[in-house]
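Hello,

Please find the structure below. Notes on what was found in it follow.

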Amino acid sequence: MSSDRVVVVGGGPGGIEAARGVAGLGLEVTIVEKLERLGGTPISENYAALTPNFEDAEAAMDRMIEAMLALPGVDVRTSSTVSACEGESGDFKVTISGAAGDETIDAGAVILATGFQHFDPGRETQMYGYYEHPDVIALQDLEAMLKDHNVVRPSNGEAPKRVCFVQCVGSRDRHIGNEYCSKVCCGVASKEAIEIRKLLPDCKVFIFYIDMRMYGYWENQIYWPAQEEHHVQYVKGIITEVLKKDGRLLVRGEDTTMGRPMEVLMDLVVLSVGMEPSRGTREMAGVLGIQQNKYGFIEAANPPLDTVTTSREGIYACGAALGPADLEDTISSAGAAAMKAVSLLRSGKTAAASS
Amino acid sequence: MTIPVEALLKKKENKSRFDRDAELAAGDAKRRDFHEELFELEEKGEWIVQRVPEPYVEVPTKYGRMKKVPKQMMWHHKSCGQCGHIPGYSTSIFWVQRKLGVDYNDPTDQTSCTAWNYYASATSNAAAQAAVAGRNFAAAYETGYFPLIHCGTSYGHYKEVREELLLHGELRKEVREIMKTLGKPLVMPEEIVHYSEWFYAMKDEIAKHQVRDFSDIAVTVHPACHYYKLVEQDAIYDPDVYGGQRTAIVSGVATALGAEVRDYSTWFDCCGFGFRHILVQRDFTRSFATQRKIEKMKEEANPDVTLTHDTGCVTTLDKSQFAAQAHDRNVGVPVMSEAQFAALAMGAHPYKVCQLHWHSADYRPLLEKMGIDWRAAWAEFEAEVERLEKGEIDFLTWADVDA
Amino acid sequence: MSQTGALYKAEAVAGYADVPLEEKQRLFDEVKADMRFPDYIYGCYECGICVAVCPSARFYDFSPRRIAQAVAREDAELVYQQMQEDIWECSQCFSCLRCPRGNNPGGIITIMREVSINNGLASAREALEGYTRIIYKIMSTGTQVSPDMLQPDAFPDWGPEVKDVSDKLELWRRALPPETHHTTTTGWEVSDKTLVELYLIWHKTGALKMIEEVDEGLHMILEEVMEERLEEEGIEV
């Protein structure tokens, strides 16, 4: 028996947008979220403001959730995971495991929106002492402080006078195996740099980078204002090591523009960590039986002209489950996934319909 | 302090180090264990793999692979610079092994790895370097003892040679043919083991034999570049030492002996040896060793001694201080290998075993702090030299040093 | 073809002959022909990690990043200049292996040095000045440094202990308990059979021949020592 329901796995921006898309097109949708509340990484990792428009992350997510819930046919399952998916396109039996136990529901298609996790900068290849020095933090740690409007050195609670961002941590690195660019870190770091400059006008902020990837409108939404209005200092050259020195942090690298090794003292070092497939993405790939690429992200079957179809008919993916993605990418691919799922179910050409 | 900061500190405290995510790491070439290929080539008859003899200890390497380090049956692959200019280094390695009852072989059928020259002058090539390695490995194999590499450069270079031989069939063929002319098979040890890995593996056992208290001794550690930068995945790392982001070698031994390991900001820097520089451009070596290493240690950690685990590093850090001292620079840190340090902990004679009179930077305050009367010890050594001079004995023997 | 190379150092200062581009290309092709080359350079995005960890970059006008760039750009002109001016400044510590791209600038330099030796480049000859006795020692005895090399006149900067060692050398060597350590002209006792095997390796791999390009006198002496020894063993090369 064919089903017109779509199951969306993951309740972050991608999942919410996909569910909203499906419901908006008139089909029933069940959105399954592992955590207690919807909102995904921007909420669970305490993002302050979204990139690139500086909108309050919580308000933006709440608005998306409200818009989704306003539509008919949206069934929300928080604190739940998908533990099995039998059958074929048009007639999947999806098992949802929650506090009340397992429940198997019928679905015609599934959209995977399980996203990414932040690279753990304590990895053995890094020499940034993330777990050794309290004042070495990651982008999301700073987000939490910005959300609180209180940026301090965790070691002593004082406001930093010199902060630097280190780009490409966990990205573009053959040793780690993450050979890809994580796309968002340049923009997020620059956004956070602006926020620090606004909050602490006396604090100098540096960004050490290999290439600034500020494509499209991000150039003058974030990059130029950071340089021109907020005087964030961009230095081409990556940091190789962070060390303790005289109660501060010594960062070591090459100023490649000047062609000389450099060593400078900082009060706070922010590691611009990249994206890796979340545990949920990796686990769901197994549960749904869909192909992953060598990095563990979900492999799109027919790129670049179809970015959301997976290796199993009737199952689609969107957002950072497919690879590094910013919010704009995520929302776009979520819409595309919703459209493809609904098209398939409406076409009557599912495997279930033709058997 | 606000809640996000507390949460952050708590997160770090709870975790304190990274978790190896086996699933995420699976695609990474650096994590692949070379042994599968090593044994496959043996099955194809390309070479003989000399197995790590039992009993062995397993120690963790950078990406989590456990490496076998034999406890016994050592074929001592000696080091030019140690034997030539810091003979207390190799003597201490032998002495500690004798104390621990290790069955070993100190061969005369061993050449240098010749890598010091190769990195200094490039008057050699990949095939010659691999053949020299292969000849030494075959010599060890013939005795049934397992190679224990004394020099950091030999160790790093041999790891490189292994990688090259694994990668290039034509190189294996060339070296195999040369070996045939020498009447030897092409042999590759199952693991390439540095003596400092043996000390690391045996650190608790060594500590059990400790007779001198080192709890007042502060040390800095200089890890040898060729030990952990060449073929990095094969060096010892412990997630609990420096969060697994720096090699645990030497630090682990010093800590096991109760000494305090102090950090300094140029830990990752090389010593300044430079291979050719130490021989023909010593201004570079001297400046780098003193300005980037010794002075930084002195200023930031003020150690009683700096410990390292390689020939070139001991030489460079020790010998470079004299000229700097003449210019009133802030130097004056005794330098020795962790083998000598461990031997001293186990009660070795500072001159008859550790042969500290071959060292330059003043080690006497350190000996005093260790509770050693160096004047008396020196008199004992001089008495032995007198016996040698008078022809009463030909050589100082192992029996003499422990008398 | 690069014009940037000429900007680094004036040729008159560097003191080596310019050669036609074809010759520079031939030398570069020799570098690229080394079987290790493909694993030593992938590409360079100029992050500067190699320079940050490089001891020589702190002391000389030397940059492993420039080496990686020149080689990745396949700029024969610049590579030739680096073979004449830069490569002998490298410390061969291999700290630059931290390159996130997986490059091995130190390894590329090893190959560039080999090619410069094989072709008798001015920089190679100059680099080996004062180094002859080391090569002699390693190739003829199988140990690189020996106790008798510690002469105070050669090591005045190593302090008075060098003189003590030198004065007492023979006695102090006999005061070493390991039986293989009583030697003064080699690092340790090396058996005759081992030397013969080593000499065969130098012959068969062309390592001995390399010396001929940079130091004919040394080559002659080494060849004589080795041939004599091999002849005694009834081995012809």
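Two residues are taken to be in contact if their C-beta atoms, placed from the backbone, lie within 7 Å. This is a predicted model, in which local features need pLDDT of at least 70 and side-chain atom pairs count only at pLDDT 80 or more, while totals for chains, interfaces and linings use all residues. Residues are numbered from 1 along each chain as its sequence is written, and chains are lettered from A and ligands numbered from 1 in the order in which they are written.

Chains B and C

By that contact criterion, 64 residues of chain C meet 73 residues of chain B. On the chain C side, at least two residues each come from helices H6 (55–59), H9 (105–118), H11 (132–141), H12 (161–167), H13 (169–174), H14 (192–204) and H15 (207–214). Helices here (H or I, at least four residues) and strands (E, at least two) are DSSP runs, numbered from the N terminus. H14(C) gives the most to this side, with 8 residues. The side of chain C that touches chain B is made up of 34 nonpolar, 18 polar and 12 charged residues. For these classes, Ala, Val, Leu, Ile, Met, Phe, Trp, Tyr, Cys and Pro count as nonpolar, Asp, Glu, Lys and Arg as charged, and the others, Gly among them, as polar.

Domains of chain A

Domain 1 puts 13 residues into the contact and domain 2 puts in 19. On the domain 1 side, the residues divide into 8 nonpolar, 3 polar and 2 charged.

Backbone of chain A

The loop between helix H2 (41–44) and helix H3 (57–69) holds A:Pro52, and the peptide bond from A:Thr51 to A:Pro52 is cis, with omega near 10 degrees. A:Asn46 is in the loop between H2 and H3 and has a positive phi, near 60 degrees, although not a glycine. A:Phe54, also found in the loop between H2 and H3, is a non-glycine residue with a positive phi of about 65 degrees.

Are these two residues buried or exposed? A residue is buried if 20 or more other C-beta atoms lie within 10 Å of its own, exposed if 12 or fewer, and partly exposed in between, with C-beta atoms placed from the backbone. A:Asn46 is buried because 21 other C-beta atoms lie within 10 Å. A:Phe54 has 15 such neighbours inside 10 Å and therefore counts as partly exposed.

A cis peptide bond also runs from A:Pro303 to A:Pro304, with omega near 0 degrees. A:Pro304 lies in the loop between helix H7 (279–288) and strand E18 (315–317).

Regards
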